[in-house]
Structure formats: C-alpha cells, structure tokens
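Here is a short briefing to read alongside the sequence and the 3D view. The points are grouped by topic.

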Amino acid sequence: MKQKILIVEDQFIEANDIEIMLIKAGYQVTGIAHSVQQALQLISQQVPELVLVDIFLKGDRTGIDLAEILREKNIPFIFVSANSNHEVLVAAKATQPYGFIVKPFRERDLTVTLEIAQYRYENSVEAAVRKEDVLTEKLKQIIQCKNSWEEKMQQTAVALQHCLAFDHIEVARKSEAEASYTAVSFLRIGFNEYQQLGLNELQTITKTTMKQLGELQNVIFPAEEAMTFSGNEFAEMTQKPSMRKLIAEHFGMKSLLVLPLKLSNGEIILFSFYSRKPDAYKRDQLVLMKTFRSILTVAVEQMFLMGRMPAAVTARVAVNSAVSSQAALFPGIIGKSPRLLEVFDNITQVAPADTTVLILGESGTGKERIAQSIHDLSKRSKQPFIKINCAALPANLIESELFGHEKGAFTGAMDKRIGKFEMANKGTIFLDEIGEMPIELQSKLLRVLQEKEIERIGANAPVRIDVRIITATNRSLEKEVAAGRFRLDLYYRLNIFPVSLPSLRERKEDIPLLAEHFVNLCSQKLGKSLQLSPAALDSAMDYDWPGNIRELENLVERSAVIAKGELITRLHLPEPPVVDEPSPSPGFEFMTNEDNERDHIIRALKKCHGKVWGAGGAAELLDLHPSTLNSKIKKLGIRKMPF
Ligand SMILES: Nc1ncnc2c1ncn2[C@@H]1O[C@H](COP(=O)(O)OP(=O)(O)OP(=O)(O)O)[C@@H](O)[C@H]1O
C-alpha cells in the first residue's frame with residue numbers, strides 16, 4: 001500500500017490536479033488543506049505519512065512555517081512551489097524537506113519525487129537504527145573490558161562521538177543524598193583523542209581557585225528532561241557564574257545538549273554535550289539521543305556496578321589504545337581542527353553503509369581524498385575505487401566513458417568498451433565535479449541510481465551493477481537546479497548524505513601541521529632535511545589560500561626547490577591581489593558591451609579585494625563559475641595594478 005498523503009495547496013485547481021495524479025499512482029489522499037491552520041486541523045484528525053506543501057499559502061503563515069511544525073511532529077514533507085529563486089530555496093532547504101518539486105510538473109515528476117522522498121526517509125530511519133546498533137555493540141565491549149571508570153567513560157565518549165558530534169563532554173553524577181555533582185569531563189583534542197579535564201586542569205587553564213571551582217560546581221541546573229541550548233538560549237544560560245559558563249568561555253563552546261539518565265537506584269547521571277558550533281544541537285539530535293537513552297542507562301548502570309565514579313578526578317591526557325587513531329583511519333589526511341574532525345565523524349558514520357555521499361567543497365579542499373577514505377573504510381575496500389572527473393571529459397565522450405559501448409555503436413567505436421560503472425562493479429565510483437555533468441546524461445545517471453543497471457551505448461539489454469556512488473562538486477547544486485542546469489530529482493538522489501569540506505581559510509589552525517607534512521614529503525623527495533622558518537609559517541597564516549590545500553602543497557614544493565639551504569625562509573606567495581581601475585566615466589561617449597562588462601568585473605574585483613574564488617569572492621558576487629570569471633578576466637585583458 002502506498003503512502004497516505006496530505007495536500008496543502010491554496011489553489012483549488014492545482015490541488016485537485018495533484019489529488020488526481022496521486023490517486024492514479026496508487027497513493028491515498030488524507031485531505032486537501034488551503035492554509036496552515038487547516039492543515040494542522042486535518043493532521044490532528046488523521047496523521048499523514050507525507051505532506052505535499054505549497055510554499056506560498058493563503059493566510060499569514062507560509063508552507064515554510066508549516067514545514068517547521070511538521071519536523072517537530074516527525075512527518076516527512078515535500079515542497080511544491082512555482083518559486084524556485086535562490087533565497088526561497090535556501091529558506092526551504094533549512095527545514096530539511098524530503099523533496100522539492102517545481103511547478104509546473106508532470107505526473108512522472110511527482111511520482112519520482114515521492115519515490116525519492118520515501119527512499120530518503122527509509123535511509124534516515126535506517127541510519128538511526130544503524131547508529132543504535134553500533135553504539136549498543138560498542139557499549140557492550142566497553143562494559144566487558146577491565147578498565148577504570150574514567151577510561152570506560154572516555155571510551156563511551158568516543159562511541160557517542162560517532163552518533164552526536166561534540167567538542168566537550170561532561171558526565172556528572174548526582175545522588176539523591178548529595179547536593180552537588182561529581183563530574184568527569186573530556187575535551188576533544190583530535191579524532192579519538194580527548195583530554196580529561198579534572199579540577200586541577202580547570203584551575204590552571206581558567207586561572208580559577210579550587211574554592212571558586214567548588215562554588216561553581218554547586219550551581220546545579222534542573223536535569224529532569226533532555227534539552228538543547230543554542231544561540232540566545234545558550235547565551236542566557238551561561239550568563240550567571242556556573243561550570244557551564246566557565247566551559248563555554250574558556251573553550252569557546254556555543255551550544256549544549258543535556259541528556260539525564262535515571263538509574264534504578266534513583267541516581268541521576270547527566271551527560272552534557274558541548275559544541276563550538278552555535279547550532280549544533282537541534283530537534284533531530286535531541287530525538288536521536290532520546291532513542292539512545294535506554295541503552296545508555298543500562299550500560300552506565302553496569303559500569304557503575306563495576307567501579308564507582310571518583311569524587312575528585314585527577315587529570316591526564318587520555319590516550320586509548322583500543323580505539324583507532326586518526327593516522328590509521330585517515331592516512332595522509334592531516335589536521336585536527338574542529339571542522340575537519342566533524343568531517344571525520346561524518347565519514348566514519350557513513351562509510352560502512354552503502355549510502356550515496358555528496359562531497360561539497362571548494363577546489364583543492366581534499367574532496368578526492370575524502371572520497372577515497374570513505375571507500376577504504378567501507379566493506380567495499382577490497383573492490384575497485386574508480387574515479388571520473390565529469391568536467392575533464394568532452395560531453396560527447398562522457399556517456400561512453402561512464403557506461404561503455406558495443407563495437408560499432410557509433411563511428412569510431414572499433415571495439416567493445418567497458419564503462420567506468422562496470423569497472424566499479426562491487427566497488428565504488430567517484431564522480432568528481434558532478435555539477436558539470438551534461439543535463440542529457442543526468443537522466444541516465446538517475447536511472448542507474450533507481451534501477452541499479454546500466455546500458456552500454458549500442459547494447460540492447462541492460463547490465464545489472466552493484467556500485468556505491470560518491471559524487472563531489474565545488475558548485476552550489478541548488479543554484480544549478482534553480483538555473484535549470486541540474487535535475488532536481490537527481491540532486492535529491494545524490495544529496496542523501498552531504499559532507500561539507502571546510503576551506504583552508506576556515507581551518508587555519510591546521511596550516512602548521514599541513515605545512516610540516518608537505519615539507520616532510522618534499523624532504524623525502526629531494527633527499528634533504530628541510531624546515532620551514534617561523535616567518536614563512538607566519539606568512540602562510542596571514543594568506544587567504546584561495547586554492548586551498550593544493551595551493552599550499554604546490555607552494556611548499558616550489559619554495560623547497562628554490563630554497564638555497566635546508567631552511568625554507570620564504571613561501572613564494574602570489575603578490576597581493578591587484579586589479580585595474582574601471583574606465584573613467586564615459587561622458588557623452590557610448591561604451592561598448594565589452595567595456596561595460598569589463599568595468600562591472602573590475603568593480604566586483606575591487607569590492608572583493610581582488611579575490612576571485614570561494615566565499616566572498618567576485619565569482620560568487622557575480623554569480624559566475626570562478627573558471628568562467630577567470631577566462632573573462634583574461635579575455636577582457638584586465639591587468640593587475642595596485643589599488
Ligand atoms: N587534509 C589533507 N592533508 C594532506 N593533504 C591533503 C589534505 N587534503 C587534501 N590534500 C592534498 O591536497 C591536494 C588536493 O586534494 P584533492 O585533489 O583531494 O582536492 P579536491 O577538492 O578533490 O580538488 P578539485 O575540486 O580541484 O578536484 C591533493 O594533493 C591532496 O593529497
């Protein structure tokens with residue numbers, strides 16, 4: 001039986017059309033609402049399995065307002081709208097819909113969108129179940145090993161990290177008889193690396209006396225319910241002196257999720273997860289943690305039976321040999337910044353499943369490396385990992401490259417050829433620069449995703465394949481969809497599990513480690529023992545890195561070759577960005593289109609201080625692809641000069 005669907009649409013005729021399409025396709029329509037209020041009324045009478053929501057509705061509330069309520073109620077929804085401008089897409093996307101369908105649409109578009117929604121929903125449910133299974137298994141192992149209480153807690157923290165990302169965790173115990181908590185807490189300092197923070201550490205780091213710390217510990221917050229605090233709520237909660245305020249201020253934490261566990265003897269164990277991201281914890285994370293509550297309670301209770309939590313905790317850096325290190329799991333991926341750790345968390349979560357992954361990030365941020373890691377950490381690791389760059393192939397070759405061809409399928413097809421998809425069978429295919437895939441081919445890719453079969457050009461029967469798909473792009477696919485260059489249904493199929501890679505500018509704290517790594521690689525290559533001078537490192541920290549890690553890697557290599565001795569005293573960074581002055585006002589003379597375009601680009605470059613790529617760059621401002629802008633700069637002969 002297909003899903004029960006509620007239609008929320010204020011245009012009578014359109015609502016009617018949708019209803020006819022749905023019924024014809026075998027869906028059950030629970031009702032048609034013309035406003036948010038009416039929709040809520042209908043939902044209170046019968047909960048639908050999915051809601052189709054128009055964005056602009058009669059009344060003062062929009063479909064986006066309804067979407068937020070639906071998320072609260074855990075009811076999946078799809079937007080239906082004629083308006084696909086970028087701002088609306090961004091606002092709609094923030095509500096995490098299961099699909100988006102643009103009017104006017106055909107019956108087939110609607111049914112495909114519904115199928116994708118179903119697939120995505122099942123995937124998210126399956127992901128939650130998988131996380132719970134993995135956590136249960138890990139907790140069992142932790143209980144059985146003969147470690148101390150703190151070690152067990154640290155291992156529990158590591159296990160939880162894969163379910164809920166955090167930068168600091170505190171586990172506190174409050175017995176009925178006692179007025180204050182005893183707590184053990186860990187600050188994340190690397191992937192699977194935590195520093196245990198006891199009162200002694202806090203005293204040193206925060207320059208607070210033991211007496212003051214004792215007083216702060218006595219400020220206890222009610223802990224009956226699982227709750228999240230972010231944004232203003234977090235700021236308000238951390239106004240008055242307390243341990244929470246101390247942690248927030250000294251470690252830069254910006255949001256909190258608290259999860260109280262009530263043990264059978266009445267004691268309360270309070271898990272506090274802190275994150276440096278202001279919006280890390282929302283309803284979804286809360287729901288997920290609540291589902292883990294019972295398995296955590298049982299596990300913590302058993303850990304208690306084996307050893308009490310110490311009243312005063314001595315601090316030390318907790319390094320656990322039982323957990324795999326970053327170097328072992330992600331060889332060659334350097335960095336410890338919170339943004340990169342978040343990426344590692346995402347990868348470890350998604351790698352074991354067959355879920356399709358979309359890697360987003362500027363050029364040179366390491367998308368290919370990350371794709372390789374996902375493959376290496378998956379159960380397909382012994383099978384092929386096939387990469388293909390959709391931007392590097394001429395449009396007329398991509399199809400045969402991807403799907404292969406039969407002998408004589410087209411002029412020049414002298415032999416039968418196996419395509420990349422077939423080569424990747426049982427393994428993983430990595431489609432880089434997916435945003436560049438020609439629209440005609442996108443429907444074929446969609447078919448592979450839906451039917452799990454491919455057809456060689458010129459063949460008369462499809463071939464079944466079992467391939468995990470990882471894609472990557474440095475473009476905004478939403479913008480591509482809005483511009484009609486990328487299929488919305490394909491976007492939803494690919495965007496099941498997005499992993500966003502930070503630019504190097506967003507994780508400058510990793511530059512010293514990365515620079516050292518590349519210097520070591522050069523030393524090996526050149527048979528020297530190279531070092532980077534502090535001044536050269538400082539210049540790297542000040543630079544904007546539009547080309548990200550690849551640019552850093554290339555610059556280190558170039559500077560190493562140029563360096564006279566073994567000390568690299570200078571990184572040969574590009575000259576500060578400089579651009580022409582726009583042409584003087586034309587007065588009564590007419591300007592050509594070319595002059596206008598030239599001036600327009602120069603103004604944009606000046607506004608962005610000469611930056612072309614990435615966030616805040618001229619390409620973004622002009623809504624152009626950076627390489628398109630670069631070729632225009634060349635073509636229009638825009639020269640460099642100081643500004
Ligand atoms: N975290 C990292 N640590 C060390 N080296 C890295 C890291 N990330 C990327 N690199 C190196 O930087 C270079 C660029 O990485 P990669 O090719 O994966 O980037 P990309 O995002 O796929 O680029 P593009 O979008 O241009 O295809 C590679 O040589 C890669 O090995």
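Which domains does the domain assignment of the chain give? They are domain 1 (4-124), domain 2 (145-318), domain 3 (327-500) and domain 4 (504-568). The model is predicted. Taken over C-alpha atoms, the centres of domain 2 and domain 4 are 38 Å apart.

**Nonpolar cores**

- The largest nonpolar core has 85 residues. Val8, Leu52, Val53, Ile78 and Ile359 touch the most other members.
- Helix α13 (residues 338-350) is the top contributor to this core, giving six residues.
- Domain 1 (4-124) and domain 3 (327-500) each supply at least three residues to this core.
- A second, separate core holds 46 residues, among them Phe234, Met243, Leu246 and Val300.
- Ile359 touches Lys367, Ile370, Ala371, Ile470, Ala472, Val499 and Leu501, leaving out residues up to four places away in sequence.

**Helix α14**

- Helix α14 spans residues 367-376 and is mostly covered. Seven of its 10 residues are buried.
- Those buried residues are Lys367, Ile370, Ala371, Gln372, Ser373, Ile374 and His375.
- Their cover includes helix α13 and the strands β13 (357-360), β14 (385-389), β17 (428-432), β20 (468-473) and β21 (497-500).

**The ligand shell**

- The ligand is surrounded by 19 residues. The closest are Ile334, Ser363, Gly366, Lys367 and Glu368.
- Helices α14, α20 (511-526) and α22 (548-562) each provide at least two residues of the shell.
- The shell has four nonpolar, nine polar and six charged residues.
- Where does the ligand lie relative to domain 3 (327-500) and domain 4 (504-568)? Both domains give residues to the shell, so the ligand lies between them.

**The annotated site, Asp54**

- UniProt, in an unreviewed entry, lists Asp54 for "modified residue: 4-aspartylphosphate".
- Asp54 sits in strand β3 (residues 50-54).
- Is Asp54 buried or exposed? Asp54 is buried, because 25 other C-beta atoms lie within 10 Å, and 20 or more make a residue buried.
- Asp54 touches Val8, Glu9, Asp10, Gly63, Val80 and Ser81, not counting residues up to four places away in sequence.

**Positive phi values**

- Most residues other than glycine have a negative phi. Two exceptions follow.
- Lys452 is not a glycine, yet has a positive phi of about 60°. Lys452 lies in the loop between α17 (439-451) and β18 (453-454).
- Asn548 is found in helix α22.
- Asn548 is buried, with 23 other C-beta atoms within 10 Å.

**Three further positions**

- Arg106 lies in the loop between β5 (99-102) and α5 (107-144). Arg106 counts as exposed because it has 9 C-beta neighbours inside 10 Å.
- Arg106 and Lys24 are 82 residues apart along the chain. Their C-alpha atoms are separated by 13 Å.
- Ser272 is in strand β11 (residues 268-275). Ser272 counts as buried, with 24 C-beta neighbours inside 10 Å.
- How many residues apart in sequence are Ser272 and Ile169? The answer is 103, with 5.6 Å between them in space, C-alpha to C-alpha.
- Ser272 touches Ile169, Glu170, Leu256 and Val258, leaving out residues up to four places away in sequence.
- Pro338 belongs to helix α13. Pro338 is partly exposed, with 16 other C-beta atoms within 10 Å.
- Pro338 is in contact with Asp167 and Arg276, setting aside neighbours within four places in sequence.
- Pro338 and Ala424 are 86 residues apart along the chain. Their C-alpha atoms are separated by 33 Å.

Key:
Residues are numbered from 1 along each chain as its sequence is written. This is a predicted model: local features need pLDDT of at least 70, side-chain atom pairs count only at pLDDT 80 or more; totals for chains, interfaces and linings use all residues. A nonpolar core is a set of buried Ala, Val, Leu, Ile, Met, Phe, Trp, Tyr and Cys residues joined through C-beta atoms within 7 Å. A residue is buried if 20 or more other C-beta atoms lie within 10 Å of its own, exposed if 12 or fewer, and partly exposed in between; C-beta atoms are placed from the backbone. Helices (H or I, at least four residues) and strands (E, at least two) are DSSP runs, numbered from the N terminus. Domain bounds come from an automatic or database domain assignment. Two residues are in contact if their C-beta atoms, placed from the backbone, lie within 7 Å. UniProt positions are given in the numbering used here, feature names are shortened, and annotations may be inferred rather than shown by experiment. A residue is near a molecule or strand if its C-beta atom, placed from the backbone, lies within 6 Å of it. Ala, Val, Leu, Ile, Met, Phe, Trp, Tyr, Cys and Pro count as nonpolar, Asp, Glu, Lys and Arg as charged, and the others, Gly among them, as polar.
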